[in-house]
Amino acid sequence: MEADKWGRRIRAFRKLKGYTQDSFSKELGVSVSVLGEIERGNRMPPPDLIRRASQILHVSIEDLAPPKE
């Protein structure tokens, strides 16, 4: 499932950059529960959230994206 892959990548980069779910969700402008759903793969991140996450984490969208199979 694509949402699961995005969620794992976002969580990995968030942790790598030292953000907690609480601090990262505030930066993104979403609730902790929404971020948790995305990271668990229960919700596909919308394109605007992916763009904001890449900017906050200082990584490209291509780096954040799951690898193509």
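**Helix 3 packing.** I started with what the buried residues of helix 3 pack against: helix 1, helix 2 and helix 4. The buried set in helix 3 is Val34, Leu35, Gly36, Ile38 and Glu39. I use buried for under 20% relative accessible area, exposed for over 50%, and partly exposed for in between (1.4 Å probe, protein chains only). Helices (H or I, at least four residues) are DSSP runs numbered from the N terminus, and contact means heavy atoms within 4.5 Å. Just past the end of helix 3, I noted Gly41 with a positive phi of about 85 degrees.

**Ground rules.** I keep in mind that this is a predicted model, where local features need pLDDT of at least 70 and side-chain atom pairs count only at pLDDT 80 or more, while totals for chains, interfaces and linings use all residues. Residues are numbered from 1 along each chain as its sequence is written, and side-chain values use heavy atoms, with hydrogens and water left out.

**Glu39.** Next I looked at Glu39, which sits in helix 3. Buried or exposed? Glu39 is buried, at 2% relative accessible area. Beyond its neighbours within four places in sequence, I find Glu39 in contact with Gly7, Arg8, Ile10, Arg11, Arg14 and Gln21. Its side chain makes a polar contact of 2.8 Å with the side chain of Gln21. That term covers a pair of N or O atoms within 3.5 Å; within protein, one must be able to donate a hydrogen and the other to accept it, and residues adjacent in sequence count only if both atoms are side-chain atoms.

**Helix 1 on helix 3.** The two axes come within 6 Å and cross at roughly 115 degrees. These axes are lines fitted to C-alpha atoms over the stretch in contact, and angles run from 0 to 180 degrees between N-to-C directions. From helix 1, Ala3, Asp4, Gly7, Arg8, Ile10, Arg11 and Arg14 meet Leu35, Ile38, Glu39 and Arg40 of helix 3. I get 4 nonpolar, 1 polar and 6 charged residues for this contact. Ala, Val, Leu, Ile, Met, Phe, Trp, Tyr, Cys and Pro count as nonpolar, Asp, Glu, Lys and Arg as charged, and the others, Gly among them, as polar.

**Helix 4.** On to residues 47-57, where I find Leu49, Ile50, Ala53, Ser54, Ile56 and Leu57 buried. They lie on the same side of helix 4, because they cover an arc of only 165 degrees around the axis (taken from the directions from the helix axis to the C-beta atoms). Their cover includes helix 1 (2-16), helix 2 (21-28), helix 3 (32-40) and helix 5 (61-64).

**Helix 2 on helix 4.** Here the axes come within 10 Å, crossing at roughly 115 degrees. The contact is made by Phe24, Glu27 and Leu28 of helix 2 with Leu49, Arg52, Ala53, Ile56 and Leu57 of helix 4. By class I note 6 nonpolar, no polar and 2 charged residues.

**His58.** Last stop: His58, in the loop between helix 4 and helix 5. Its phi is positive, about 60 degrees, though His58 is not a glycine. I log His58 as exposed, at 69% relative accessibility.

Terms used:
Helices (H or I, at least four residues) and strands (E, at least two) are DSSP runs, numbered from the N terminus.
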